[in-house]
Amino acid sequence: MRKFLASILAVITLTSCSLTEPIPVKGEVVSCESIRMDSTSDESLECLGGGEGAAVSAIRGPAIVNVWGTWCKPCRQELPHLAHYLAQHPKGAQVIGIAVEEKSPEVVKKFAETHGITWPILYDADGSTRETFGMGVPVTWFIDSSGKVTHKKFGPFKSLEEIEMATIKYLGVK
């Protein structure tokens, strides 16, 4: 009987779903109209969803600004967790992507549609954000309502819970 119960427990453990399992989301190229800003500047990045772009220095949160590339494996691995965060917390922090070192805006748009991106994407065509964010990706900044960067995370998010905890800790948003 013990072997039978142990076998059942092992099957349940091995086949159960993780709470951090990303949910599949169809992507879309989103307008940047939802980005909260205090002003625009000449240093604005192009918005892939059309409309006015945004300068990183003008973004007002609470915001999670994620710098990434389609070519970056860790970036691709964290995207489902960001999508899951937005699905679970539609009134939480806004998520804004900045695509860097890309061949063209069209490559990023197609990638967004096929990889579940449902947040505005700014396009850094000339590498102008390299001075601000550094060379490596992914890097994520947490920006509060006054525009202050409250935290810089280097490397990918590995779970929804990691994003939720950071958002609570650095932005005070659930």
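Colleague: Which residues does Ile98 touch, not counting residues up to four places away in sequence?

Modeller: Ile98 touches Leu45, Val56, Val65, Asn66, Val67, Trp68, Leu122, Asp124, Thr129 and Phe133. Contact means heavy atoms within 4.5 Å. This is a predicted model, where local features need pLDDT of at least 70 and side-chain atom pairs count only at pLDDT 80 or more, while totals for chains, interfaces and linings use all residues. Residues are numbered from 1 along each chain as its sequence is written, and side-chain values use heavy atoms, leaving out hydrogens and water.

Colleague: How do you know that β2 and β5 pair?

Modeller: Two strands pair if DSSP finds at least two bridges between them. Strand β2 (residues 63-68) and strand β5 (residues 139-143) have five, in the antiparallel sense, so they count as paired. Strands are DSSP runs of E, at least two residues, and helices are runs of H or I, at least four, numbered from the N terminus. Val65 stands opposite Trp141 in β5.

Colleague: What is the order of the strands in the open sheet?

Modeller: The order of the six strands is β1-β4-β3-β2-β5-β6, with mixed pairing. β1 (46-47) and β6 (149-154) each have a single partner strand, so one side of each is left without a neighbour in the sheet.

Colleague: Which residues touch the most other members of the largest nonpolar core?

Modeller: Val65, Tyr85, Ile98 and Leu122, of 46 residues. Such a core is a set of buried (under 20% relative accessible area, 1.4 Å probe, protein chains only) Ala, Val, Leu, Ile, Met, Phe, Trp, Tyr and Cys residues joined through side-chain atoms within 4.5 Å. α2 gives the most, with six residues.

Note on methods: Buried means under 20% relative accessible area, exposed over 50%, partly exposed in between (1.4 Å probe, protein chains only).
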